[in-house]
Amino acid sequence: MSDQQQGIFGIDLGTTYSVVAYIDETGRPAVTRNSDGDDTTPSVVYFETEDNVVVGKAAKASAGVDPDNVVSLIKRQMHNKDYTRFFWEKEHSPSSISALILAELARNAEETTHRTVRQVVITVPAYFGLLEKDATKKAGEIAGLEVIGIVPEPVAAALAYGVTGSADGTTFMVYDLGGGTFDITLIRMTDTSVEVLAVDGDHNLGGADWDERLFEYLKEQTVEQTGFEDIDEDEGALQDLRRMAEETKQALSKAESKTVAHRLAGKPAKIVVTRTQFQEMTADLLEKAVEITRRMLADAEQRFPGIRGQISELLLVGGSSWMPAVAERLRAEFPWEPKVADPDLAVAKGAALYAAGQTVKLVEAEAEAGGGRVGAEASANGNRRGTLPSGPPSEAAIAAVTERTGMDAEQVAGVVRTVVNVLPKAVGIKLLDSDVPGWEKLPDDEMPFYVEHLVPAQTQLPYDAEKFTAGTTVAGQQSIAIEIWEQAGSVPDQALDSNHRVDDAGLIEGLGLFRLPAGSPIDITLKVDAEGTVNLLAVEPTSGKELTMSVKIAIMSDEKVAEYKATVSALTKNR
Ligand code: ADP
Ligand code: MG
């Protein structure tokens, strides 16, 4: 492997399907096929035996026979610090399970491209908070990859669609209907930067819901034709029907009708489904997505008056956008002509383009650090620290990447972008609502805690929050615990359940001597830097005691990463 050239790779690590793209010899983004010959790989992991793990189509097919050892939809757990599962007595986390998917994708990509997969860009949904982005980056590290960028999926999609931005900014919408989620994003792109203006969606709306409708229909028809009433007890038959439902749905994107022929309990069933029928049984699902799109537009219009009139494009991505009804419905509703091209591959292709842009920055950072000349090999082995340059790229750095990728200089310059970091989720501190009568007597788990968001969602970074004054809760309080929390759901909400703690509590201790009355002020200032590090300063004015907390919202210690890395590499070696 060592004499192989390092490629430029982008990975769309999807909830249901993942895709890898690279910059091919002609300088264009191309998708790498997996060992099944498919462009997309189901994001499903099957822990088959103690030392064998299966990823992709075969794993998906095993879900029916050995469900306890199959994991799907792991991306939905990316935020969940408490999610651990044991397979064959080894502990796994969302990051380590995702790492198994990434390792398989990387291995397949090396085989088909004959290039080393080392530096990669991984895409994440635009609504992912810092915690989830970090978990994704850790997944890459556990898989033995160097993650040179995490880019929002709609931004990657826009790069693949060739949205070029303009001096004063091009505004467009990305409609992403995938396998299990729907995301709608409003983006502004300039010559040098990309900014996510608004995000909305439904994390339980996607192709699987269309499959489910068709599955129910196929099941009902099968029972009717075969007279086999006990179908619900036959896991194998149900699993077959689910597979057929998804296949039928996909076929109906091209054909006007599809016949499903199969046998059950020795009797044949033959079911004809037309596209019109299918569209009728799923029309309400499409309507949901339209409603959410309207809601996002209304919200954006409120925050940026006049923005709707500036939208120039509507880009469709996600595998479910192959269904002709999607574009039809949008065309009927909105003034923009929906663009659909390779919707399930666009995100990965854009990630590969973004990776080329990141490579320019890496080459440049290295040249600056070393004070030396920029060379074509510069980015391959170097070790970098700190942040990447955000100014316009130098010609030398562009030339280095041009040479390495076969892209032309203009193309390379066109994909160097700084994604303006917005804090997608609100961040705040945990407080106790002492106005709730009798709270002192409540058991611990019923205490009226809530999260006061000091930094609202969708804030551009860096950000300094206004000073916030909290109060002590009881007279003579000995110590004050401060915890930083991040919004967990898609809408900010003060309830503890709708947020997650991002770090262990910090303590201001030794306050007993000062006999502070209840409600004594504690001044809190919170800042978030451009990289997403949250810095908190809390001061108790009477004692002058201070607490500073600095958390890079991260979910896993380096030791833990190393531990998972060992487990994952034991499972993926020599496969
Ligand atoms: P993810 O949501 O994981 O990012 P994708 O964007 O690849 O995944 O979308 C996967 C969904 O797209 C699945 O539900 C799949 O059945 C659906 N899909 C893929 N191809 C087609 C097609 N030709 N017609 C209809 N649906 C499709
Ligand atoms: Mg996707």
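Helix H6, residues 235-251, supplies the largest share of the shell around ligand 1, namely three residues. The structure described here is a predicted model. The shell around ligand 1 holds 17 residues, and those that come nearest are Thr16, Gly179, Glu246, Lys249 and Ser253.

Several backbone atoms of the protein lie beside oxygen atoms of the ligand. For Thr16, a backbone N or O atom is 2.6 Å from an oxygen atom of ligand 1. A polar backbone atom of Gly179 is placed 2.7 Å from an oxygen atom of ligand 1. For Ser320, the distance between a backbone N or O atom and an oxygen atom of ligand 1 is 3.2 Å. Ligand 1 taken alone exposes 580 Å², of which the protein buries 90%.

## The four-stranded sheet

Four strands in the order E22-E21-E27-E28 make up an open sheet with antiparallel pairing. Strand E22 (449-455) and strand E28 (499-501) each have a single partner strand, so one side of each is left without a neighbour in the sheet. On average, neighbouring strands of this sheet are turned by 45 degrees against each other, direction ignored. Strands of a sheet pair through backbone hydrogen bonds, in either a parallel or an antiparallel manner.

Strand E21, residues 427-432, is largely enclosed by the rest of the structure, because five of its six residues are buried. E21 pairs with E22 in the antiparallel sense over six bridges, and with E27, also in the antiparallel sense, over three bridges. Val427 illustrates both pairings: its bridge partner in E22 is Val455, while in E27 Val427 stands opposite Glu486.

Strand E27 (residues 484-487) in turn pairs with E28 in the antiparallel sense, over three bridges. In this pairing, Gln487 stands opposite Asn499 of E28.

## The six-stranded sheet

A further open sheet contains six strands in the order E18-E17-E12-E13-E14-E19, and its pairing is mixed. Strand E18 (338-340) and strand E19 (418-419) are the edge strands, each pairing on one side only.

Within this sheet, strand E12 (residues 170-177) and strand E13 (residues 182-189) run antiparallel and are joined by eight bridges. Phe172 is found opposite Ile187 of E13.

## Residues with positive phi

Most residues other than glycine have a negative phi. Glu89, which is not a glycine, has a positive phi of about 65 degrees. Glu89 is located in the loop between strand E8 (85-87) and strand E9 (90-92). With a relative accessibility of 77%, Glu89 counts as exposed, because the cut-off for that class is over 50%.

Asp342 is likewise not a glycine, and its phi is positive at about 45 degrees.

Note on methods
Residues are numbered from 1 along each chain as its sequence is written. Chains are lettered from A and ligands numbered from 1 in the order in which they are written. This is a predicted model: local features need pLDDT of at least 70, side-chain atom pairs count only at pLDDT 80 or more; totals for chains, interfaces and linings use all residues. Side-chain values use heavy atoms; hydrogens and water are left out. A residue is near a molecule or strand if one of its heavy atoms lies within 4 Å of it. A polar contact is a pair of N or O atoms within 3.5 Å; within protein, one must be able to donate a hydrogen and the other to accept it, and residues adjacent in sequence count only if both atoms are side-chain atoms. Accessible areas come from the Shrake-Rupley method with a 1.4 Å probe; for residues, only the protein chains shown count as cover. Helices (H or I, at least four residues) and strands (E, at least two) are DSSP runs, numbered from the N terminus. Two strands pair if DSSP finds at least two bridges between them. Axes are lines fitted to C-alpha atoms, for helices over the stretch in contact, and angles run from 0 to 180 degrees between N-to-C directions. Buried means under 20% relative accessible area, exposed over 50%, partly exposed in between (1.4 Å probe, protein chains only).
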